[in-house]
Amino acid sequence: MNLATQTDLEVYQVLLNGESLALGVLYDRYGSLVYRLALRMLSQPQEAEDLTQEVFLALWQKRAYDPKRGSLSSFLMTLTRSRAIDRLRTRGSNQRFLQRWGQNEEVVTRPHTPFEQASLGERSEQVKAALDTLPELQRQVVEMAYYEGLSQSEIAERLATPLGTVKTRGRQALIKLKRILQDFVG
């Protein structure tokens, strides 16, 4: 059986049956997508690489993906996003702790390689163009959630908007973005 020609679900079933080569096939398909999102959110290539590895290990070991709930790419993006937010919050807590003790931690970011810059630039333009098609109120919710790492409750509080409205705007925006970026996310 040639795994490369199988659907995501078929490859995932092979992975569940203990064939570790299936993980490599899924990594080849979605590794760069996961890495780019992690890099976009964390702004640190090494941390983005670590998170990419963590996401695929979780896919393999925890077996949490449920095909009935959506595509594998959506699952991986959601998992990456939530773990990146966890890391950002941990980073923020650590920085606040150090500041409290009078030690300012200077975050050192390594410059991106030309390949990373070109790839990021291309993807950023695609996502920016998709975001520009959203109504302002929906775009605002998505940007606050994904770029600032705010929870829906925090967004509702900042915008002085009911939580249900924020959830509705976010869901409508993600549905539109999924449709627009369908070729990008698979």
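I started with handedness: α2 and α3 cross in a right-handed way. As a reminder to myself, right-handed means the near helix is turned clockwise from the far one by less than a right angle, and left-handed means anticlockwise. Helices here are DSSP runs of H or I with at least four residues, strands are E runs of at least two, and numbering goes from the N terminus.

A note on what I'm looking at: this is a predicted model, where local features need pLDDT of at least 70, side-chain atom pairs count only at pLDDT 80 or more, and totals for chains, interfaces and linings use all residues. Residues are numbered from 1 along each chain as its sequence is written, and side-chain values use heavy atoms, with hydrogens and water left out.

**The α2/α3 pair.** I looked up the geometry next. Helix α2 (residues 21-42) packs against helix α3 (residues 45-62) at an angle of about 140°, and their axes are 8 Å apart. The axes are lines fitted to C-alpha atoms over the stretch in contact, with angles from 0 to 180 degrees between N-to-C directions. That makes α2 oblique to α3, since under 35 degrees is roughly parallel, over 145 roughly antiparallel, 65 to 115 roughly perpendicular and the rest oblique.

Who makes the contact (heavy atoms within 4.5 Å)? On the α2 side I noted Leu-26, Tyr-30 and Val-34, among others, and on the α3 side the list includes Val-55, Phe-56 and Leu-59.

**The core.** The largest nonpolar core has 31 residues, and Leu-15, Leu-26, Phe-56, Leu-59, Leu-72 and Leu-76 have the most contacts inside it. Such a core is a set of buried Ala, Val, Leu, Ile, Met, Phe, Trp, Tyr and Cys residues joined through side-chain atoms within 4.5 Å. I see α1 (8-16), α2, α3 and α4 (72-100) each supplying at least two residues. The largest share, 13 residues, comes from α2.

**Leu-76.** I picked this one from helix α4. Leu-76 is buried, at a relative accessible area of 0%; buried means under 20%, exposed over 50% and partly exposed in between, using a 1.4 Å probe and protein chains only. Leaving out residues up to four places away in sequence, Leu-76 touches Tyr-30, Val-34, Val-55, Phe-56 and Leu-59. Its C-alpha lies 9.0 Å from that of Leu-33, 43 residues apart along the chain.

**Two positive phi values.** Arg-63 isn't a glycine, yet its phi is positive, about 55°. Arg-63 sits in the loop between α3 and α4 and is partly exposed at 42%. Ala-160, also not a glycine, has a positive phi of about 55°. I found Ala-160 in the loop between α7 (152-159) and α8 (163-180), exposed at 72%.

Note on methods
Contact means heavy atoms within 4.5 Å.
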